[in-house]
Every structure is written in C-alpha cells, then in structure tokens.
Amino acid sequence: MILSASTTSLLQHVIQRLHDAFAVKDMGPVRHFLGIHVHRTRDGFFLSQASYVEDLLERAGMENCKPVDTPADAKPKTSASDGKPIDDITAYRSIAGALQYLTITRPDIAYAVQQVCLHMHAPCDVHQTMLKRILRYIKGTPTLGVQLGTAATPTITAYSDADWAGCPDTRRSTSGFCIFFGNSLVSWSSKRQTTVSRSSAEAEYRAVANAVSECSWLRHLLGELRCSVSSATVAYCDNISSVYMSHNPVHHRRTKHIELDIHFVREKVAIGELRVTHIPSARQIADVFNKGLPSALFFDFQDSLSIIQAPNVETAGGVSGSGLNACPSLQPELPARVQLSPRM
C-alpha cells in the first residue's frame, strides 16, 4: 500500500493510526511498487519499468534483438485475415498481455499494444511481427518513463483524436486521448470504438466525448481530494465540425447517431466546465494513440507527452540521461510517499 499526503506531519499521523489498528511495517519512501520504479526528482516523481522491460525481453527470447525507432509502422492497419496462423498462440497472448501492463508508464506504446491485442483470438504471422516490433522498440528504450511534476495551478487539458474507419475488418474508428493535470500526463487511452461512424465528424466527436467523460471523472476525484479545479477543462480537437457541434449542436439526420454524446458534451460547455478548441493536426499529440507515425513526428509527440529518460541513466549510445530529455536531479530527502507492507 502507498500513502500520500500534503504534509509530512499528516503523513506520520496517518501511519501512526494504521500502526494502532493493524500490524504493518513502514518501509520508508516508495522506490519500487508492483514492478514500477519511482524516482524522486526536484519537481515530482519519475515512473518507469526498466526492470520489467528486461524481464519481458528475456521471457520473449529477444534480449539481443535489434532496436527500432518506433513501436508501430505508419502503414494502414493490419486485417485479421492477413498472413498465416501461428503455432504458439499461448506465447503471443502471454507477451501481449505483459505489454499491456507496461503501458502503465509507457503511453508511447499504447496504440501498438492495442493493435496486437485485437488479434489475440487468432493471431497470424503478420501480427506476431507487429508484436516483435514493439519488443524491439522497448529494447532500445528500456529506461523511458513518465514524469509527474507539480502544478502551480490545477488545470486539466485533454487532446482527443480518431482514425476514422481505420479498422479494415469492421470499419470502426480508433479513438485516442491523453489528459494532462498541469503539465503532467495522468490519463491516456487507445481504443477501437464500439460502433461504426458514418462520417469523420462522428468519429471525432465520439473521441471528444470519451475524453470529456474521463475529464469529468478526474474533476470529481480532485474535488473529493479537496483540490477543486476552478478553470474550465480545455479539450483540443483537430476536427472543426466537432468543435462547432460542441458550441452550437444542430440536431438533424447527420448527427442523430451521436445525439447522446452531443448532449453530454454540450451540457459541459453550457455550464462552463468545458471548452472545446480546435488544434492543427500537426500539433495533435493524441495521434500517437490512434495511428502509426513517422519517426520525426513520433519523437516530437513523445516529448510532448512527458516521456523521458530515467535520471542518471546512460543510453546504449553512451549519452547521459541528464541531457536534453532528462528530468531534474534526484532529491531523496523529499517527504512525499511512504510504502507500507504487512508485518510477517
């Protein structure tokens, strides 16, 4: 169990109350929890799963594989009927499931993992190639993780996008969103939509509604933690029609298929809790979660998602983690979180 508090005195008070009621052991500031490494920095926490990556590559027999730049290529999505069935389906499912857990600190592989998980029921050799590409990517980037920093003012910002009719088998769209609390990435998703959208505006608006739903949950959670967000949530979308519908929805036959989403988003806009804003496609970082991207664009969006190298770690090329993408220096003395374990 991990405890967090706003002050050291409050944290010690909670720990003492737990000691009085249960047989627990104070293990000090959290450093490793369920396969996740926690590094304290001057501005917050850095979360990574470097050891988990090493174990996963060893289990897959790819500890000596050749790294690649991106987890997914920029080609159209693969069909379920492409290629030939593989022999070891169990191994495919096991590795794909393990990669799902890695997305806790690696949002950059969320889309690629979502694509390979779509074919768990009957994977073919082309899908296994996609799986191996993800492993080759994490082989070259084992120390990447998410930086969680402090925010001067509590603000929530969302980016949402959809790849319209991208699935070659069902023609469903793939939604993707990422949500920031201050400058910290706190929630992300890559998911195939449950219904077929008849236009790109429908697909984009559904993606906006999914992101807004997550933002609403975060606002309520923060409110329960007595950290109210006074400013409106800003949701960025690169589809102008979706932006117009959020401000002035016109109910006609072209929008009746997403009428519930329109009412949901429009209500948030009307009460001042949400503001849907257009953003150019070239700056839509949610693209990482619904399609494969060229290397240059992928690296650019990766930096925007606060995905950085672990502090004080050298890469395979000998470049120190204190370089361009490094997080601030470690500050072990900062009291922030305490990990407790049952006393045996």
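**View 1. Tyr-159 and Phe-180, two buried rings.** Both of these residues, Tyr-159 and Phe-180, are buried. Keep in mind that what you're looking at is a predicted model. For Tyr-159, the relative accessibility is 16%, so this residue counts as buried, the cut-off being under 20%. Searching the whole structure turns up five aromatic pairs. In one of them, the ring centres of Tyr-159 and Phe-180 sit 6.0 Å apart with their planes at 80 degrees, so we call the pair edge-to-face. This pair links distant parts of the chain: Tyr-159 belongs to strand E7 (residues 156-163) and Phe-180 to strand E8 (residues 174-181), 21 residues apart.

**View 2. Tyr-159 again, now with Tyr-236.** Here the ring centres of Tyr-159 and Tyr-236 are 5.0 Å apart and the planes are at 25 degrees, so this pair is stacked. Tyr-159 is in strand E7 and Tyr-236 is in strand E10 (residues 233-237), so the pair ties together parts 77 residues apart in sequence. Is Tyr-236 buried or partly exposed? Its relative accessibility is 24%, so Tyr-236 counts as partly exposed.

**View 3. An aromatic cluster.** Three residues make up one aromatic cluster here: Tyr-137, Phe-298 and Phe-299.

**View 4. Thr-170 and its contacts.** Look for Thr-170 in the loop between E7 and E8. With 31% relative accessibility, Thr-170 counts as partly exposed. Which residues does Thr-170 contact, leaving aside neighbours within four places in sequence? They are Arg-192 and Val-196. Thr-195 is 25 residues from Thr-170 in sequence, and their C-alpha atoms are 9.1 Å apart in space.

**View 5. Inside the largest nonpolar core.** This core has 42 residues, and the ones touching the most other members are Leu-99, Val-116, Leu-135, Ile-138, Cys-178 and Leu-305. Several elements supply at least two residues each, among them helix H3 (89-102), helix H5 (125-140) and E8. Zoom in on Leu-305: not counting residues up to four places away in sequence, Leu-305 touches Cys-178, Phe-180, Leu-185, Ile-285, Val-288 and Phe-289. There's also a second, separate core of 24 residues, including Ile-179, Leu-218, Leu-222 and Val-243.

**View 6. Helix H6 and what follows.** Helix H6 runs over residues 200-224, which makes 25 residues. From first C-alpha to last, H6 reaches 37 Å, close to the 36 Å expected at 1.5 Å a residue. Just after H6 comes Arg-226, which takes a positive phi of about 60 degrees.

Note on methods. Residues numbered from 1 in each chain as written. Predicted model: local features only at pLDDT ≥ 70, side-chain atom pairs only at ≥ 80, totals over all residues. Heavy atoms only, no water. Helix = DSSP H or I, 4+ residues; strand = E, 2+ residues; numbered from the N terminus. Expected span 1.5 Å × (residues − 1). Phe/Tyr/Trp six-rings, centres within 6.5 Å; stacked < 30°, edge-to-face > 60°. Buried < 20%, exposed > 50% of the residue type's maximum accessible area, 1.4 Å probe, protein only. Contact = heavy atoms within 4.5 Å. Core = buried A, V, L, I, M, F, W, Y, C linked by side-chain atoms within 4.5 Å.
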